[in-house]
Amino acid sequence: MTYASAKRQGRSCQDQFKSDLQSLSYTEILKIHCHKRMNQEDFQSRPILELREKIQPEIVELIKQQRLNRLCEGTCFRKISTRRRQDKFWYCRLSPNHKVLHYGDLEENPQGEVPHDSLQEKLPVADIKAVVTGKDCPHMKEKGALKQNKEMLELAFSLQYESDEYLNFIAPDKHEYCVWTDGLNALFGKEMTSDLTKSDLETLLSMEMKLRLLDLENIQIPEAPPPIPKEPSSYDFVYDCN
């Protein structure tokens, strides 16, 4: 899209907004504003916050399973070398039982998933000692252009195994970097802390909250639960069903 066409489109949106605004009366605009404010206030009420806190672990578990499923599908990574002008590729994927990482070199970027039996190398998950990222990765400490490349630093992560052995990665983009670092943290029972997980959590929580509150639309939610009724003066009553 050219600058001129983008400018025309923006002007068209502004004109449409002005037209819609002029078609509404002051009372209608006030109602829309009040409804929006009430919705925002409802979502800050104590019962809603308690519901959000209750369902958040379910959403986190859903995101965790999605990340692990993506690791099982695998990703094609680019091999970085200052000596080669032509890109080389390798593929890594997690086994369905989450116990082994299968990886191996490829001649070219694949168009789909690469089967486990075509990947020559294996790394048992139990042998992995740590996950390191960014400038702490050994392949980011080497001399050369990579050390000065900020973009590469943001996409780099490594798996330490044995004492001083590493499996080094450079993700194809920020999304895959978040998927893999989140998935590896989930695999080892650690918290998923990427911006992608935070965004997914907020989106899914908002959707789930709105779905669960559909039946309560236009019903005011009290700040406190209703009072518990007094106990009866006597429990000496029996219903005769015969």
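**A colleague's note on the helices and their packing**

1. Let us start with the overall layout: the chain holds 6 helices and 7 strands (helices are DSSP runs of H or I with at least four residues, strands are E runs with at least two, and both are numbered from the N terminus). Read from the N terminus, the order is α-α-α-β-β-β-β-β-α-β-β-α-α. Please keep in mind that this is a predicted model, in which local features need pLDDT of at least 70, side-chain atom pairs count only at pLDDT 80 or more, and totals for chains, interfaces and linings use all residues. Residues are numbered from 1 along each chain as its sequence is written, and side-chain values use heavy atoms, with hydrogens and water left out.

2. The chain has 242 residues, and 29% of them count as buried (buried is under 20% relative accessible area, exposed is over 50%, and partly exposed is in between, with a 1.4 Å probe and protein chains only). Among contacts with a separation of 6 or more, 49% join residues 24 or more positions apart (contact means heavy atoms within 4.5 Å).

3. Just after the helix, Gly74 has a positive phi of about 90 degrees.

4. The buried residues of α3 include Ile48, Ile55, Ile59 and Ile63, and also Arg67 and Arg70. Ile59 counts as buried because its relative accessibility is 7%. Its contacts, leaving aside residues up to four places away in sequence, are Leu201, Leu204, Leu205 and Glu208. The C-alpha atoms of Ile59 and Leu205 are separated by 6.8 Å, although the two residues are 146 apart along the chain.

5. On to α5 (residues 174–187), which packs with α3 at an angle of about 110 degrees, the axes being 8 Å apart. The two helices are therefore roughly perpendicular (65 to 115 degrees; under 35 is roughly parallel, over 145 roughly antiparallel, and the rest oblique). Axes here are lines fitted to C-alpha atoms, for helices over the stretch in contact, with angles from 0 to 180 degrees between N-to-C directions. Among the residues making the contact are Arg67 and Leu68 of α3 and Trp180 and Leu184 of α5.

6. Asn185 also lies in α5, and it is buried, with a relative accessible area of 16%. Beyond residues up to four places away, Asn185 touches Lys190 and Glu191.

7. Leu196, Thr197, Leu201, Leu205 and Met209 are its buried residues, and they pack against α3 and α5.

8. Finally, do check His98, in the loop between β2 (88–94) and β3 (100–106). Its phi is near 65 degrees, a positive value in a residue other than glycine. His98 is partly exposed, at 26% relative accessible area.
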